Amino acid sequence: KEKGELLLNFKDNNLIWFVTVFFILSILWILFLGFGSPVCILAGFIFGKWYGTLVTLISFSIGSTLLYFVVGYYFKNFVEQNLPNKINRYIDFFKKNAFFYFTIFRLTGGGGIPFPIQNILPVVFNMKVKEYFYSTLIGLTPALFIMNALGSGIKSLISKNEILSYK
């Protein structure tokens, strides 16, 4: 509890610096294939559910887009060679309306596919970077809000209880 209060006091006294550092670290976390859940829960704890969602949504969208760009530029052949041939039949289908299908894919949580792989998978479909960014921005919103709300709820729970006990 004391460490949480110390962190929140530091954030309150240095808001612009804290948000900037958190934002940059979130982008780097996603760019280096990190999972989104811990960052979202931490953002909800530190910034609250609304502001935390805004910070994580923008930083995750930028980080995911940078990862998509890097993988598409440097590792596209490697990704295409290591995916099974079964995916070829989906490529033409996906290209018909990539924005819509990828937005739905993101809204449904990627069908259980880990977040870093979700960010790399569209390289195979030659999706435009602009479409990728906006479909990620729209598609991640509900999941990020839920995880940030969870972090905000943990903060509320800790602030209401002096000692957490399993008894």
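This document is a guided tour of the structure, stop by stop.

**Before starting**

The structure is a predicted model, in which local features need pLDDT of at least 70 and side-chain atom pairs count only at pLDDT 80 or more, while totals for chains, interfaces and linings use all residues. Residues are numbered from 1 along each chain as its sequence is written, and side-chain values use heavy atoms, with hydrogens and water left out.

**Stop 1: the whole protein**

The protein has 9 helices and 0 strands, and its pattern along the sequence reads α-α-α-α-α-α-α-α-α. Here helices (H or I, at least four residues) and strands (E, at least two) are DSSP runs, numbered from the N terminus. Of the 167 residues in the protein, 38% are buried; the word buried stands for under 20% relative accessible area, exposed for over 50%, and partly exposed for values in between (1.4 Å probe, protein chains only). Among contacts between residues at least 6 apart in sequence, 80% join residues at least 24 apart, where contact means heavy atoms within 4.5 Å.

**Stop 2: helices H2 and H4**

Select residues 15-31, which form helix H2, and residues 49-74, which form helix H4. Two packed helices are described by the angle between their axes and the distance between the axes. The axes of H2 and H4 come within 8 Å and cross at roughly 40°. Axes are lines fitted to C-alpha atoms, for helices over the stretch in contact, and angles run from 0 to 180 degrees between N-to-C directions. H2 and H4 are therefore oblique to each other; angles under 35 degrees count as roughly parallel, over 145 as roughly antiparallel, 65 to 115 as roughly perpendicular and the rest as oblique. The crossing of H2 and H4 is right-handed, a term for a near helix turned clockwise from the far one by less than a right angle, with anticlockwise being left-handed.

To see the contact, show the side chains of Val19, Phe22, Phe23, Ser26, Ile27, Ile30 and Leu31 on H2, and of Tyr51, Val55, Thr56, Ile58, Ser59, Phe60, Ile62, Gly63, Ser64, Leu66 and Leu67 on H4. The contact of H2 with H4 comprises 13 nonpolar, 5 polar and no charged residues. In this classification, Ala, Val, Leu, Ile, Met, Phe, Trp, Tyr, Cys and Pro count as nonpolar, Asp, Glu, Lys and Arg as charged, and the others, Gly among them, as polar.

**Stop 3**

Remain on H2 and select Ile27. Ile27 is buried, with a relative accessible area of 11%. Leaving aside neighbours within four places in sequence, Ile27 is in contact with Ser59, Ile62, Gly63 and Leu66. The C-alpha atoms of Ile27 and Phe60 are 6.0 Å apart, although the two residues are 33 apart in sequence.

Next select Phe18, also in H2. Phe18 counts as buried at 11% relative accessibility. Not counting residues up to four places away in sequence, Phe18 touches Leu7, Phe10, Lys11, Ile46 and Phe47.

**Stop 4: Ser61 in H4**

Select Ser61 in helix H4. Ser61 counts as buried, at 0% relative accessibility. A polar atom of the Ser61 side chain lies 2.8 Å from the backbone oxygen of Leu57. Beyond residues up to four places away in sequence, Ser61 touches Thr56, Phe133, Thr136 and Leu137.

**Stop 5: helices H3 and H9**

Select helix H3 (residues 37-47) and helix H9 (residues 129-160), whose axes come within 6 Å and cross at roughly 50°. That angle makes H3 oblique to H9, and the crossing is right-handed. On H3 the contact is made by Ser37, Cys40, Ile41, Ala43, Gly44, Phe45 and Ile46, and on H9 by Leu144, Met147, Asn148, Leu150, Gly151, Ser152, Ile154, Lys155 and Ile158. The contact of H3 with H9 has 10 nonpolar, 5 polar and 1 charged residues. Buried residues in H3 include Val39 and Phe47.

**Stop 6: positive phi values**

Most residues other than glycine have a negative phi. Select Leu33, in the loop between H2 and H3; Leu33 is not a glycine, yet has a positive phi of about 70°. Leu33 is partly exposed, with a relative accessible area of 42%. Asn126 lies in the loop between helix H8 (115-120) and H9, and its phi is positive, near 55°. At 43% relative accessibility, Asn126 counts as partly exposed.

Notes:
A polar contact is a pair of N or O atoms within 3.5 Å; within protein, one must be able to donate a hydrogen and the other to accept it, and residues adjacent in sequence count only if both atoms are side-chain atoms.
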